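Visitor: Hi, I'm new to this one. Can you walk me through it?
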Amino acid sequence: MIIAVDGPTASGKGTIAKALAAHFGLPHLDTGLLYRAVGRQLQLAGGNPDDPHAALAACDFPEALLEDDVLRSEEVGGYASRVSVHPGVRRALFERQRTFALQEGGAVLDGRDIGTVIAPEAQVKLFVTASTAERARRRWLEMQSRGIAVDLAVIEADIAARDERDTTRADAPLMAAPGAVVLDTTTLGRGEAIAAAITAVRRQAGLE
Ligand code: C5P
């Protein structure tokens, strides 16, 4: 069974995808990490993320970079969002994601275009979302817990800018795939969101 989990930043899709993978015993790929690795590689090279050639060259990142905690930073997230606009970058990362999705036994992938581009044949498609204010609040709390002092309004503006880029890009824009179940986590706690996702998967997969 392929489970595609798409949605905007800080919607809870990563947490949900991880929990679904554990629950259904499937391997999980956070595809945002691949774009973050490209962004980081480009940052290290001192390149311009808006230059398609520089961004494509950064797709050749070392595997070890995927383990680097710096990928989780807001700054690298911004780079990732900018490099992910280029069709060449999306093509370069396509095969790796597709192979992961098609492995025997199935997989869970989370990202922006899993249900639309990477695995349109996925039996289960979820689109996880939440209000911009709530997503900003979550990101802010997460940063507070890591000891990073930052203004909530700055985070909210950054999230809005990232949403704008992700939803308006010409190639593989962020959107709910046809047939996807939309899961709004704005008023849900972590456990509630996971439980709702498990129920949605079981229904879509015909397990109940
Ligand atoms: O999900 P995450 O915030 O880690 O993703 C970082 C950036 O990578 C996103 O803002 C988005 O622009 C890009 N991305 C993408 N397609 C994916 C996953 C992430 O374009 N499947």
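Predicted model: local features only at pLDDT ≥ 70, side-chain atom pairs only at ≥ 80, totals over all residues.

Visitor: Which elements give two or more residues to the shell around the ligand?
Guide: Those are α2 (31–45), α4 (74–83) and α8 (152–168). The largest share comes from α2, with four residues.

Visitor: And how many residues surround the ligand?
Guide: There are 16, and the closest are Arg36, Ser84, Arg90, Arg112 and Asp166.

Visitor: How does the shell divide into nonpolar, polar and charged residues?
Guide: Eight are charged, six are polar and two are nonpolar.

Visitor: How much of the ligand does the protein bury?
Guide: On its own the ligand exposes 460 Å², and the protein buries 96% of that.

Visitor: New topic: Glu74. Buried or exposed?
Guide: Glu74 counts as buried because its relative accessible area is 18%, and the cut-off for buried is under 20%. You'll find Glu74 in helix α4.

Visitor: Which side chain does the Glu74 side chain make a polar contact with?
Guide: The side chain of Arg139, at 3.0 Å.

Visitor: What about Leu44, buried or exposed?
Guide: Leu44 is exposed, because its relative accessibility is 53% and exposed means over 50%. Leu44 lies in helix α2.

Visitor: How far apart are Leu44 and Ala149?
Guide: In sequence they are 105 residues apart, and in space 24 Å, going from C-alpha to C-alpha.

Visitor: What about backbone angles? What is the phi of Ala10?
Guide: Ala10 has a positive phi of about 60 degrees, although it isn't a glycine.

Visitor: Where does Ala10 lie?
Guide: In the loop between β1 (2–6) and α1 (13–24). Ala10 counts as buried because its relative accessibility is 16%.

Visitor: And what is phi for Ala172?
Guide: Near 50 degrees, again a positive value in a residue other than glycine. Ala172 is in the loop between α8 and β5 (181–184).

Visitor: Is Ala172 buried or exposed?
Guide: Buried, because the relative accessibility of Ala172 is 9%.

Methods:
Residues numbered from 1 in each chain as written. Heavy atoms only, no water. Near = heavy atom within 4 Å. Areas by Shrake-Rupley, 256 points an atom, 1.4 Å probe, with all protein chains shown as cover. Nonpolar A, V, L, I, M, F, W, Y, C, P; charged D, E, K, R; others polar. Buried < 20%, exposed > 50% of the residue type's maximum accessible area, 1.4 Å probe, protein only. Polar contact = N/O pair within 3.5 Å; in protein donor to acceptor, adjacent residues only side chain to side chain.
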